[in-house]
Amino acid sequence: MEAAWIAELRAVVGERGIVDDATRLFAYEADGIVLLRQRPDLVLLPRTTDEVSRALAILHRERIPIVARGAGTGLSGGATPVAGGVVLSLARMRDVLELDPVDRIARVQAGLVNIDLSLAAAKHGLFYAPDPSSQQACTLGGNVAENSGGPHCFRHGATTQHVLGLVLVLEDGTVLDLSEPRVDPLGLDLVGLFVGSEGMFGVATELTLKLTKKPATVETLLAIFESLDAACDAVSDLIRARHEPSAIEILDRLTIEAVEASVYAAGYPKTAEAVLLVDVEGSEVEVENSVRAIEPLIRARGAIEVRVAKSDYERKQLWAGRKGAFGAMGRIAPDLYVADVCVPRTKLREVVAHTTRIAREKNLKLATVFHAGDGNLHPNIAYDRRDADEVRRVLEAGDEIMHLCIAAGGSLTGEHGVGLEKLPAMEWLFTREDLATMCRVREAWDPDRRMNPGKLIPMRACLETKQALARPEHLT
Amino acid sequence: MSATKEHLAVELASRVVGALRVHPRGAELPLVVPRTLEELVEAVRAAHRDRLSLVPLGSGSKLAWTRAPASADLLLSVRELTGIVAHEPDDGTISVRAGTTIADLRAKARAGGHWCTPDVPNPSRATLGGTLSLGLSGADRTRLGPVRNHVLGMKVVLADGAIAKSGGRLVKNVTGYDLHRLYTGSHGTLAVIVEAALRLFPFPESEAWFEREHSRFDAALATALAASELPMRWLSLSLARTENRWRVRARLAGKTAVVAHEVGVARALLGEPLGRDARAAELADAHRDADATTKPRFARIACRPSRIADVARTLELERGENAVTVEPTIATFAVELSNDARTVAARRPALHALGASLHLVAPDSDVEPFDAVGPELALMRRLKDKLDPDGTFARGRFVGGL
Ligand SMILES: Cc1cc2nc3c(=O)[nH]c(=O)nc-3n(C[C@H](O)[C@H](O)[C@H](O)COP(=O)(O)OP(=O)(O)OC[C@H]3O[C@@H](n4cnc5c(N)ncnc54)[C@H](O)[C@@H]3O)c2cc1C
C-alpha cells in the first residue's frame with residue numbers, strides 16, 4: 001500500500017503531478033552531467049506556489065530531502081537527485097504572470113523557458129538579456145539558482161543583475177513574497193543572496209525580472225585566426241583598450257569543425273584555428289565608432305580576415321553556430337565533459353594553452369568554446385562514458401584545469417555552479433572559515449539541510465561549524 | 001567605571017582615539033580605530049569574548065542613517081585600513097581595503113584609465129566600507145545600475161573575529177554563495193567589511209553637462225523622461241529643486257566622437273551643454289556634493305518608474321522650498337526634511353499604496369525611519385543569529401531591530 005504521505009502529496013499536485021514509476025523516473029536520474037546519476041524515489045510537478053508550499057510542508061514533516069529541478073540542463077550535477085529524496089520539478093509552472101512594458105518588468109513562473117520570455121517581450125521592443133547557450137531549453141528558475149550567464153552578459157551582466165524580486169518557498173512550506181521590484185532591498189538583500197544558491201535555500205516559484213530595451217543597432221564581427229593564442233591575445237587587447245562590445249566569444253578549430261558539420265553550420269571557415277565572434281550594440285554612432293576602433297586591434301593580432309555580418313540573417317547564423325556548439329559536439333564523441341572556469345582576462349592565452357597541453361598529455365580530445373570577454377573558459381573534453389579509463393583521465397584533467405585556474409587567480413566556475421561536480425574543489429579555493437560561513441548562512445534558510453543536500457559545500461565544513469557552535473570559545 | 005568598560009579600556013586603550021555619538025541624540029561611545037587587520041580582529045575578538053557590542057563604521061559620517069542601537073559599548077572604525085590590495089587595470093578590477101576613501105579609490109582607478117562606481121557625494125570623506133555597508137549607489141547609477149552589481153568579492157571579519165571571504169576578483173564568477181550581496185547594505189549588522197573587489201568601467205574620453213530649468217515639477221519630469229528616451233546612455237540624469245526652480249541635469253560621458261554626436265542630438269531638448277569635459281565633471285561633482293542626500297535630515301523614497309508623478313503628488317513636492325533630488329529612470333526621490341519628518345512619515349500608508357518605499361534619515365526619535373518588513377523578517381533574524389549569535393554587532397539599528 002502507498003505510504004500516507006505519498007497519498008497526501010498526490011492530493012496536492014494531482015495525478016498528473018506525480019511520477020513514481022521506474023521507467024519515467026529514469027528521465028530524472030541526472031542533469032547535463034550524465035556521469036552523476038541517482039534515481040529519485042518520487043518526482044512532483046506542482047503548478048502553483050501554493051501547491052509547492054503544501055508539498056514542501058508535507059516533506060518537511062516527513063524529513064525527506066528535496067531537489068528542485070528546472071529543465072535539467074545544468075552542468076554541475078546541481079539537479080542530480082539524492083538517494084531517498086524527492087525531485088520537485090518546475091516544468092509545469094511556465095506562465096508569464098505579468099509583463100509591464102512601461103516599467104520594463106516581467107513576472108513569470110519559475111519553470112518558464114528562458115527564450116520564451118524574450119519572445120513574449122519582443123512585441124514591446126524588449127528582451128530578457130541573460131542568454132545562456134541553453135536558452136531554448138533551460139528554465140528561468142534554473143538560471144536564478146545558478147546565476148547563469150551567456151554571451152551577452154559581457155555587457156548586460158549575469159542573471160543576478162536582472163532579478164528584481166522572487167516568490168520563495170522555504171523548506172517547511174513558508175512562502176516569502178519578495179516579488180515587488182525594489183530599487184534597493186528593504187533590510188537584508190535576500191533576493192540577491194538567493195540568486196546563485198543552487199537550490200539549497202528554497203524553491204523559487206515566481207520571478208520578477210528586468211526587461212531590456214532592444215538596442216537600436218547591432219553589428220556582429222567574425223574574425224578568423226590561424227592560432228588560438230592570437231585570438232586570445234586579441235581579446236586581452238580589447239579589454240586592455242577598454243572596449244565595451246556586448247559579447248566576445250572564441251571557438252577553436254575542433255569546435256568549428258563540429259559546428260560546421262552540424263545543423264548549426266554558421267559559415268565559419270573550417271580551416272581556421274580559431275574564430276572570434278564580437279557583437280557591438282547601441283546607437284548607430286556608438287556602434288559605428290566601436291567597430292571602427294575594434295577592427296584594427298583584432299587585425300593587429302594577426303586575424304587573417306575580419307568580416308562584419310551583412311544581414312540580420314547572417315548575424316543570426318553566426319550566433320546559432322555559437323549557441324549550438326555544445327550540441328554539435330555530440331558528433332565528435334558520445335559524451336562531452338564541459339568544464340567551466342574563470343581567469344583574469346590578462347591570462348587568457350597562457351591558461352588556454354595550458355589546458356590544451358593537459359588534454360594532450362592525457363590523450364584526450366579537447367574542444368574549446370568560451371565567453372572570452374568575461375574570462376570564462378569552457379575547455380570541453382570529448383569522451384565515451386563506457387571507457388572507464390578515459391572517464392578517469394577526463395576527471396583528472398578537469399581537476400588539473402581547476403588547479404591551473406586557481407593558480408592564475410581564477411575560480412572554479414563562472415556560470416555552471418559548483419553542484420556535486422566541484423564539491424571537493426571548494427576546499428582548494430576557500431578556507432575552512434569561508435566555507436563554515438556559507439554553511440551557517442545556508443542553515444539560516446534550511447536548518448536541517450534538506451534542500452539539495454550534499455551540494456556546493458563540502459560536508460566537512462558544515463560538521464565543523466556544528467562542533468564549533470556547540471563549544472563556543474568563551475565557554476571553554 | 002564598570003568591570004567590562006574597564007576591561008575594554010585595558011584591552012583596547014591603545015586604539016581608542018576618541019568618542020563619537022551613534023545618533024544625534026545618543027550618548028558618546030569610545031571609538032576604536034585599529035591600524036591593521038590583525039588589530040581589528042583582536043578588537044572584535046575581545047568584544048566578543050567580553051560580551052560587548054560594537055557598531056562598525058567607516059568615517060562615521062552616516063551614523064544617523066540608521067537608528068540608535070538598543071545598546072552599544074563601542075564604535076569600531078575601519079578608516080585606517082586603507083590602500084589598494086590589487087589593481088589590474090588590464091583586467092578592469094580593483095581590490096581595496098575598506099577604509100580607503102571613495103575619492104582615493106576613484107583616483108587610483110582613474111590613473112589606470114577607469115571609472116569606478118559608486119559616484120557618491122563627498123567622496124573624500126566616505127569610505128568604501130561604509131558606502132558598501134549602507135549599499136549606497138551613486139549619481140552614476142543611471143547608467144551603471146546599483147553598486148551591489150559591481151562588487152566582485154569581499155573579505156569580512158565575523159563576530160567571533162574569524163576572517164571569511166566570498167567571491168573573488170573576477171568579473172564573472174559563481175563559485176560559492178554571493179555572501180558579498182548579503183553584506184552589501186547590511187548596515188554593519190552581520191560582519192565588518194575589511195576588503196572589497198570592484199569591477200571597473202572605461203574612463204570617459206569626453207563629457208558634457210546639461211541643465212534645463214523649469215518652474216514646475218511636472219514640466220521638469222516630462223523633460224527628464226524625454227531625455228531618458230533619447231538614443232544615448234546618460235551617465236547620470238536627475239531633476240532637483242534649488243532656489244525654487246526645478247532643474248533637469250544630465251551628464252553624457254564616453255568616446256569623444258560619440259559624445260560629440262550625442263550633444264548634437266540632445267541640444268534640441270536640453271539646449272547647449274553648460275560644460276564640456278573637465279568643466280562638465282566639475283559641475284557634476286559640485287551638484288552631487290550638494291544634492292538632497294547630503295542634508296542632515298532627509299527622506300528617501302523609491303517606487304516603480306511609472307509611479308513617479310503619483311508619488312510626487314502624494315509628497316506634495318510642488319509646495320515647499322526644501323531641497324529635492326529625483327532620479328527619474330531609477331525612480332528614487334531624496335527630499336530634505338525640516339521639521340516635517342512626522343508629516344512625511346504620516347504619508348507612509350499612501351506611499352505604500354502606490355508601491356513606494358520610505359526611509360527617513362535622522363528623523364525625530366519617535367518617528368520610525370524604516371518601513372515595516374514582512375514575514376521575511378524572521379529569515380533575516382535567523383541570518384543575524386547564525387552569523388552573530390551574541391549580538392557582538394549592536395542590535396536595534398536596522399530594520400526590525402536587526
Ligand atoms: C548545451 C548547454 C549549453 C549551456 N550554456 C550555458 C551558458 O551559456 N551559460 C550558463 O550559465 N549555463 C549554460 N548551461 C548550463 C545550464 O543550462 C544552466 O545552468 C541553466 O541555468 C540550468 O537551468 P535548468 O532549468 O536546466 O536547471 P536544472 O539543471 O534543472 O537545475 C539547476 C540547479 O538549479 C536548481 N533549481 C532549478 N530550478 C529551481 C527553482 N525554481 N528554485 C530553486 N532551485 C532551482 C536545481 O536544484 C539545480 O541545483 C548550458 C547547458 C547546456 C546543456
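Across the interface of chain A and chain B of this predicted model, the rule finds 15 salt bridges, a salt bridge being a side-chain nitrogen of Lys or Arg within 4 Å of a carboxyl oxygen of Asp or Glu. In one of them, the side chains of A:Lys213 and B:Glu229 meet at 3.5 Å, N to O.

The interface joins 80 residues of chain A with 74 residues of chain B, where contact means heavy atoms within 4.5 Å. The area buried between the two chains is about 6,500 Å², and carbon and sulfur atoms give 56% of that. Buried area is the accessible area (1.4 Å probe) that two parts lose on being put together, summed over both. In chain A, A:Val183, A:Leu188 and A:Arg242 lose the most area to chain B, together 13% of what that side buries.

| Residue | Part of the residue | Distance to a ligand oxygen |
|---|---|---|
| A:Ala68 | backbone | 2.6 Å |
| A:Gly70 | backbone | 2.7 Å |
| A:Thr139 | side chain | 2.6 Å |

Taken alone, the ligand exposes 980 Å², of which the protein buries 95%; accessible areas come from the Shrake-Rupley method with a 1.4 Å probe.

Residues are numbered from 1 along each chain as its sequence is written, and chains are lettered from A and ligands numbered from 1 in the order in which they are written. Local features need pLDDT of at least 70, side-chain atom pairs count only at pLDDT 80 or more, and totals for chains, interfaces and linings use all residues, while side-chain values use heavy atoms, with hydrogens and water left out.

Methods
A polar contact is a pair of N or O atoms within 3.5 Å; within protein, one must be able to donate a hydrogen and the other to accept it, and residues adjacent in sequence count only if both atoms are side-chain atoms.
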